[in-house]
Amino acid sequence: MKKPAIHSLKLSFAALMLGAFGFASTALAGPAPQPGGSYSFGKGLDDWQNIYWRWYFGGLQVPADSNGNAVVGNVVLMPLPNAPGDGTPGHLDVTLNSGQAFFLPLWNLVGNSYTDGTPNDPHVPVSVIQTLNLSFKIDGVTVMGPSNLMQFYVAFDFDPIIQLPPAFAPYAGVIWLEGIGLTHTPFSVGTHTLQLDAVNTQPAFGYTFEYHNTWTVTVKPAP
């Protein structure tokens, strides 16, 4: 879509997995994200991205938990703030149950097929992702930045493609994804803050997408 930045925000996001897969960097502090090549909750990062966007675009139905969140097993598919990608800040309040993990896409691009004869969108150069000016913080601690974001990069073609309803015409389907995302183990009970600031320094589809999104995450104690 020529609104290709699906930012964890509107069309790009990320999530984080804490655990034994540490990432050594003097530029980053706090808990280290799990490398994208690792498996979390039985799936790879490409699997979680595939599930998330099929759900997001309406091609996959998943159950909701008691807080109204979409869930796959014990993993919440975190919602995205309604941010237009022009630098306007976005915010969401999210409630999780104790023990729930989550997946959050951070900054992603999708390609489309068309109903009017327009050629399919070509993949963008990986340098668009490599040169992102991106910062992702949890409770004020930077856990992702330019030095490690490519550990959370995936690129794949949707097979089958995600068919879009006629109301989306001339867009017919979502055919590929390139971007950044992560899964995160359960937070402790209490209130946590996620902060994403990201902008592409190289144009994507001729555009620059800028996001300043935050989530206030309240984790409820177990009954």
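# Notebook: contacts, sheet and backbone of a predicted model

I began with Pro63, which touches Asn69, Ala70 and Val71 when residues up to four places away in sequence are not counted; contact here means heavy atoms within 4.5 Å. The model is predicted, so I note that local features need pLDDT of at least 70, that side-chain atom pairs count only at pLDDT 80 or more, and that totals for chains, interfaces and linings use all residues. Residues are numbered from 1 along each chain as its sequence is written, and side-chain values use heavy atoms, with hydrogens and water left out.

**Entry 1. Pro63, continued.** I located Pro63 in the loop between α1 (45–56) and β3 (70–72). Helices (H or I, at least four residues) and strands (E, at least two) are DSSP runs, numbered from the N terminus. Pro63 is exposed, with a relative accessible area of 54%. For this term, buried means under 20% relative accessible area, exposed over 50%, and partly exposed in between, with a 1.4 Å probe and protein chains only. I also looked up the distance between the C-alpha atoms of Pro63 and Gly73: they are ten residues apart along the chain and separated by 9.1 Å.

**Entry 2. Chain totals.** I found two helices and twelve strands in the protein chain. Along the sequence they follow the pattern β-β-α-β-β-β-β-α-β-β-β-β-β-β. Of the 223 residues, 48% are buried. Among contacts between residues at least 6 apart in sequence, 75% join residues at least 24 apart. The accessible surface comes to about 9400 Å², and 56% of it belongs to carbon and sulfur atoms; areas come from the Shrake-Rupley method with a 1.4 Å probe, and for residues only the protein chains shown count as cover.

**Entry 3. The five-stranded sheet.** I traced an open sheet with the order β3-β4-β6-β10-β9 and mixed pairing. Two strands pair if DSSP finds at least two bridges between them. Strands β3 and β9 (153–163) stand at the edges with a single partner strand each, so one side of each is left without a neighbour in the sheet. Neighbouring strands of this sheet are turned by 35 degrees against each other on average, direction ignored. Helix α1 packs on the sheet and touches β3, β4 (75–77), β6, β9 and β10. The direction of α1 makes about 40 degrees with that of β9; axes are lines fitted to C-alpha atoms, for helices over the stretch in contact, and angles run from 0 to 180 degrees between N-to-C directions. Within the sheet, β6 and β10 run antiparallel and are joined by twelve bridges.

**Entry 4. The nonpolar core.** Which residues have the most contacts inside the largest nonpolar core? They are Met78, Leu104, Trp107, Leu134, Phe136, Met144 and Leu194, in a core of 56 residues. Strand β6 (residues 101–114) supplies the largest share of this core, eight residues. A nonpolar core is a set of buried Ala, Val, Leu, Ile, Met, Phe, Trp, Tyr and Cys residues joined through side-chain atoms within 4.5 Å. I then listed the contacts of Met78, leaving aside neighbours within four places in sequence; among them are Tyr52, Val94, Leu96, Phe102, Leu194 and Trp215.

**Entry 5. Asp121.** I placed Asp121 in the loop between β6 and α2 (127–130). Asp121 is buried, with a relative accessible area of 4%. A polar atom of the Asp121 side chain lies 2.8 Å from the backbone nitrogen of Asn112.

**Entry 6. The β7–β8 hairpin.** Strand β7 (residues 132–138) runs antiparallel to β8 (residues 141–144), and three bridges join them. Ile138 has Val141 as its bridge partner in β8. Two residues stand between the strands of this hairpin, in which Asp139 takes a positive phi near 50 degrees. Asp139 counts as partly exposed, at 41% relative accessibility.

**Entry 7. Other backbone exceptions.** Most residues other than glycine have a negative phi, and most peptide bonds are trans. I recorded Phe205, with a positive phi of about 55 degrees, in the loop between β11 and β12 (210–220). The peptide bond from Asp159 to Pro160 is cis, with omega near 5 degrees, and Pro160 lies in strand β9. The bond from Ala169 to Pro170 is also cis, with omega near 15 degrees; Pro170 is in the loop between β9 and β10.

Methods:
A polar contact is a pair of N or O atoms within 3.5 Å; within protein, one must be able to donate a hydrogen and the other to accept it, and residues adjacent in sequence count only if both atoms are side-chain atoms.
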